[in-house]
Amino acid sequence: MQRFHSLGYWLAYKDGVYDVSSFVENHPGGKQILKTAGKALESCWKIFTIHQIDHVYETLEQYRIGNLPKGEREANEKHQETVLDLFQYDPERVNANETFFIRSQRPFNAETKPNLLVSSFLTSVENFYVRNHMHVPVVNINEFKLEIRNEKSSRSLSYDDLVDKYKSHTITSAVQCAGNRRAAMNNEHQGAALGTQWYVGAIGNARWTGVKLRDLLESFGLDKEGKHVQFWGLDCDTSQRCYGASIPMEKALSEDVLLAYEMNGELLSSDHGYPLRVIVPGTIGARSVKWVNRIIVSDKEADSHWQMSDYKILPPSIKEPQQADFDRVPALQESNVQSAICSPSSDEDGNKIKVLSVKPNDKDKRLTVKGYALGGGGRAIQNVQISLDHGKTWFQAELEQLAQPHMRAWSWTLWTYHINASDIPSKPFDIVCRAMDTHGNTQPDTPLGIWNVRGVMNNAWHKITLQIDDSFLKKAKELK
Ligand SMILES: Nc1nc2c(c(=O)[nH]1)N[C@H]1C(S)=C(S)[C@@H](COP(=O)(O)O)O[C@H]1N2
Ligand SMILES: [Mo]
């Protein structure tokens with residue numbers, strides 16, 4: 001990193017020179033950006049390919065202060081070839097294009113296609129969405145140590161110690177990214193919701209087995225020591241800044257927060273946190289730290305970018321994260337009540353489909369609609385409803401759900417509703433769903449009132465537009 005004292009932070013991209021001093025504090029990727037100061041951006045963006053989208057170029061252009069001479073530009077291009085490739089140990093992802101809408105390769109961000117979401121109550125490891133902020137770290141299990149500490153003392157456990165010495169506990173829990181359904185938050189009045197443009201698939205439901213965080217903290221006498229429990233992962237950049245997040249001590253000591261080593265009865269896969277990850281059920285995915293190797297009990301929250309300057313609901317007056325005073329906004333913890341329609345759907349990216357052509361079932365001439373619902377914070381789903389007239393009248397869907405203890409409903413609910421073909425208009429029509437939890441919380445009708453520039457926690461009614469297939473209409477006419 002190079003600091004140009006009186007000038008601030010400059011960097012180069014292609015033929016441009018940019019002064020990004022005023023952007024540094026609010027870069028969505030935190031201080032990472034400083035690594036490029038005095039250098040060419042290409043090398044960094046080659047690793048963090050998530051930047052290669054239009055709004056980033058547009059943002060950067062606002063900071064252009066001049067142009068590079070031709071020779072310098074060629075030197076830049078040479079330099080990029082020698083950068084350390086942090087992603088070289090990312091796993092091979094077989095059939096990823098069939099399973100996911102891939103939002104970025106490096107870091108790997110991929111959401112499950114909607115029809116696969118509702119194809120089974122438990123999401124298989126292969127079908128489970130992946131949300132990585134950096135590379136996947138390589139772990140030698142024989143050397144792996146879990147460090148547990150507070151300000152005064154530090155202990156560590158081997159993987160075998162953890163698995164053998166503590167009782168195992170299994171829960172069924174959904175994990176959902178707070179950015180799920182962000183794409184639908186983009187709004188012509190309020191502006192873009194910045195970040196990965198997830199449709200409805202940044203969610204999955206699995207069985208997690210591991211050690212209760214509470215047992216671990218108690219065994220070290222750390223359960224009465226601090227206000228927050230911080231989790232840090234092994235995915236660290238070249239300056240040793242690692243992914244980290246924290247949860248309040250009260251949640252950490254609750255029944256079902258896990259240090260999980262198994263997902264659906266198998267060892268964790270590398271994309272989902274092998275060998276060890278945190279599962280904070282009922283809470284946004286960002287707090288379920290993968291590849292966790294440090295647990296810190298503290299009076300302070302984790303000071304990571306993702307706890308401090310992201311995963312917060314900024315006020316609607318903030319149109320660019322650069323303008324935000326993140327310290328005044330609390331870090332998100334519990335998720336809110338959510339539901340989405342997953343079938344009918346197509347293999348095409350849901351964000352791009354305007355009208356989906358559908359055919360009623362051959363057998364019973366009904367159109368079957370399926371989706372998921374999830375109450376946040378352990379609140380159970382009491383109903384899911386469908387409307388074909390934008391919310392004037394509603395029909396009750398059938399629910400598939402687990403019996404779960406009070407306020408520990410961590411699993412999602414799957415739901416089904418059958419529409420009689422005779423009730424389906426021949427013109428394109430909208431279908432919306434909404435869920436209600438057992439506390440009467442329900443979803444807002446549009447994302448307008450909950451818009452925020454980081455596009456988190458969108459739980460507005462999910463709407464898709466359907467057009468009944470021509471061949472069906474023709475057949476129906478012939479029968480008349
Ligand atoms: N170490 C680490 N943990 C992490 C992340 C990460 O990038 N690094 N991403 C978080 C986010 S934002 C989400 S939504 C979930 C995604 O978990 P999954 O990839 O297993 O679906 O992991 C969380 N834990
Ligand atoms: Mo996330």
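**View 1. An open three-stranded sheet with the order E4-E5-E6 and antiparallel pairing.** In this predicted model, local features need pLDDT of at least 70 and side-chain atom pairs count only at pLDDT 80 or more, whereas totals for chains, interfaces and linings use all residues. Residues are numbered from 1 along each chain as its sequence is written, chains are lettered from A and ligands numbered from 1 in the order in which they are written, and side-chain values use heavy atoms, leaving out hydrogens and water. Strand E4 (100-104) and strand E6 (130-131) are the edge strands; each has a single partner strand, so one side of each is left without a neighbour in the sheet. E4 and strand E5 (residues 109-112) run antiparallel and are joined by four bridges. Phe100 has Thr112 in E5 as its bridge partner. Strands (E, at least two residues) and helices (H or I, at least four) are DSSP runs numbered from the N terminus, and two strands pair if DSSP finds at least two bridges between them.

**View 2. Cis peptide bonds at Pro107 and Pro275.** The bond joining Arg106 and Pro107 is cis, with omega about 0°. Pro107 lies in the loop between E4 and E5. Tyr274 and Pro275 are likewise joined by a cis peptide bond, with omega about 10°. Pro275 belongs to the loop between strand E14 (266-267) and strand E15 (277-279).

View 3. Asn95 is placed in the loop between helix H3 (70-80) and helix H4 (96-99).

**View 4. The residues around ligand 1.** Ligand 1 is surrounded by 18 residues, the closest being Tyr129, Asp235, His272, Arg277 and Lys290; a residue is near a molecule if one of its heavy atoms lies within 4 Å of it. This shell comprises nine nonpolar, five polar and four charged residues. Here Ala, Val, Leu, Ile, Met, Phe, Trp, Tyr, Cys and Pro count as nonpolar, Asp, Glu, Lys and Arg as charged, and the others, Gly among them, as polar.

**View 5. Polar contacts of ligand 1 with Asp235, Arg131 and Ser288.** A polar contact with the ligand is a pair of N or O atoms within 3.5 Å. A nitrogen atom of ligand 1 lies 2.7 Å from a polar side-chain atom of Asp235. A polar backbone atom of Arg131 is 3.0 Å from an oxygen atom of the ligand, and a polar backbone atom of Ser288 is 3.0 Å from a nitrogen atom of the ligand.

Key. Polar contact = N/O pair within 3.5 Å; in protein donor to acceptor, adjacent residues only side chain to side chain.
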